[in-house]
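Trainee: Could you walk me through this model, one question at a time?

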Amino acid sequence: MKIAALFCLKCGSEIVDINNWKMGTTTAEVICTRCGNKGLIQGLTVGRVVLNGRQLAEASEDKAIPWWLRESV
Ligand SMILES: [Zn+2]
């Protein structure tokens, strides 16, 4: 089974977690625990799982990046 992993677009770290929820909504602020980068997601949440190195590398190689950021991440 394939699962989705969440990565920081600023530093590439996979250590990203929910920082807080906007009260009364399904909007969450997520934070990168390495660089402190923050962003909002709506209607989605995060679950943690331990991946081995190969699985994590595959997820990182497959991550979606807007074309205008591809050369910098
Ligand atoms: Zn980061």
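Mentor: Happy to! Let's begin with a definition: buried means under 20% relative accessible area, exposed over 50%, and partly exposed in between, using a 1.4 Å probe and protein chains only. This is a predicted model, in which local features need pLDDT of at least 70, side-chain atom pairs count only at pLDDT 80 or more, and totals for chains, interfaces and linings use all residues. Residues are numbered from 1 along each chain as its sequence is written, and side-chain values use heavy atoms, with hydrogens and water left out.

Trainee: Is Arg 48 buried or exposed?

Mentor: Helices (H or I, at least four residues) and strands (E, at least two) are DSSP runs, numbered from the N terminus. Arg 48 lies in the loop between β3 and α1. Its relative accessible area is 70%, so Arg 48 is exposed.

Trainee: Which side chain does Arg 48 meet in a salt bridge?

Mentor: A salt bridge is a side-chain nitrogen of Lys or Arg within 4 Å of a carboxyl oxygen of Asp or Glu. For Arg 48, the N to O distance in its salt bridge is 2.0 Å, and the partner is Asp 17. That partner sits in strand β1, so the pair ties together parts that are 31 residues apart in sequence: the loop holding Arg 48 and the strand holding Asp 17.

Trainee: How many salt bridges does a search of the whole structure find?

Mentor: Besides the pair with Arg 48, Glu 58 and Arg 54 meet at 2.6 Å, N to O. Both lie in helix α1, four residues apart, about one turn of the helix. The search of the whole structure finds two.

Trainee: What is the arrangement of the four donor atoms around the zinc ion?

Mentor: Donors are N, O and S atoms within 2.8 Å of the metal (3.2 Å for Na, K and Ca), and water is not among the atoms, so sites may look incomplete. Here the protein donors are the SG atoms of Cys 8, Cys 11, Cys 32 and Cys 35, lying 2.3 to 2.4 Å from the zinc ion. Four donors count as tetrahedral if all angles lie between 85 and 135 degrees. The angles here are 102 to 115 degrees, which makes the arrangement tetrahedral.

Trainee: How many disulfides does a search of the whole structure find?

Mentor: A disulfide is a pair of cysteine sulfur atoms within 2.5 Å. The search of the whole structure finds zero.

Note on methods:
Four donors count as tetrahedral if all angles lie between 85 and 135 degrees; four count as square planar and six as octahedral if opposite donors are over 155 degrees apart and all others between 65 and 115; anything else is irregular.
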